[in-house]
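I set down here what I looked up in this structure. The entries follow the order in which I consulted it.

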Amino acid sequence: MTRRLTALSTLAAAALLTGCSIANPTSSEVSLQYGAGPFDSRKFVECETDRDVSDVNDDHYYYPKGQRDFTFGDGDGIDSAPLTSTTQDSQEIKVTGTVKFTLNTDCSEFTDPTGKVWPGGKLQMFHELIAYKYDAAPTDGGEQMKTGWNSLLRNYVGAALDRATDNEALKYPWQKLYNDAPSKSQWERDVLAQLPEVLKSLTQGVDLISINSVLLQKPGIQPALVQGLTDKQAAELRSQAADVDKQAAANFPGGIPGYQAYQQQQAVNEAIKSGKVQVLPVPQGSPIMVSPNK
């Protein structure tokens, strides 16, 4: 009889386990459990940070804990294409860089600005109002976020960043952002200061995503502006060389006429050394003939 009871107990335990779902979040994840099934209403159950056995019909959605990156620029493995902004002097610049952010995984009961109570806190609000619509979260622990996660980041972090960089770029002429390191650093700090509030405006005034830092690379400028800078630098170098020549001529023995004669003689000497002209020896007293090489 004892053996029969033991066997029945084992079978019952096995049947029980096969009728369960298991939440198993990693140390870098939080899981949201939702009741489902033919006899349950679709509702939030709890947040899970450890292994948990629940009803077979329940669903689990996994979200990342800790800091994550949102990168925008050119190349593979980038979360978003480069952004564009307009400067104070109406020039379009290309903006690339990285935003470091943290998803708010607080599961403490929370009342949002509309008066709605969220038993699962800000993470439940984020899931139901935003992430669920994008199908962003995996339903198994330790998995990569779904492709919808990237779309979500572009439409929230990326959109807020685009607005913040636009607002702040209008305070500077393009050369300040391109050539002046203190101005570029201040622009970066201004974007960081504005970004959290802009992002909250997209999430009902609640900090569902926290911004930790913003790194903006040197902005890209139009090819015509690059050529203009090159031409300007070349003109400045020519002007500097002319100033040096004037100063040297003024201090040369014999003044400017003496300096010009010296320069002409140096030019003839260089031409002879390079073989561009040929000097023929002539008897003393005869005129000197200098013939250019053909």
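What does the accessible surface of the protein come to, and what share belongs to carbon and sulfur atoms? I find about 17,600 Å², of which 52% belongs to carbon and sulfur atoms; accessible areas come from the Shrake-Rupley method with a 1.4 Å probe, and for residues only the protein chains shown count as cover.

I note that this is a predicted model, in which local features need pLDDT of at least 70, side-chain atom pairs count only at pLDDT 80 or more, and totals for chains, interfaces and linings use all residues. Residues are numbered from 1 along each chain as its sequence is written, and side-chain values use heavy atoms, with hydrogens and water left out.

Five of its six residues are buried, so E5 is largely enclosed by the rest of the structure; buried means under 20% relative accessible area. E5 pairs with strand E2 (residues 29-35) in the antiparallel sense over six bridges, where DSSP must find at least two bridges for a pair. Gln-33 stands opposite His-60 in E5.

I then turned to the rings. Rings of Phe, Tyr and Trp (its six-membered ring) pair if their centres lie within 6.5 Å; planes under 30 degrees apart count as stacked, over 60 as edge-to-face and the rest as tilted. The count comes to eight aromatic pairs. Tyr-34 and Tyr-61 form an edge-to-face pair, 5.9 Å centre to centre with 80° between the planes. Tyr-34 lies in E2 and Tyr-61 in E5, 27 residues apart.

How values were computed: Buried < 20%, exposed > 50% of the residue type's maximum accessible area, 1.4 Å probe, protein only. Helix = DSSP H or I, 4+ residues; strand = E, 2+ residues; numbered from the N terminus.
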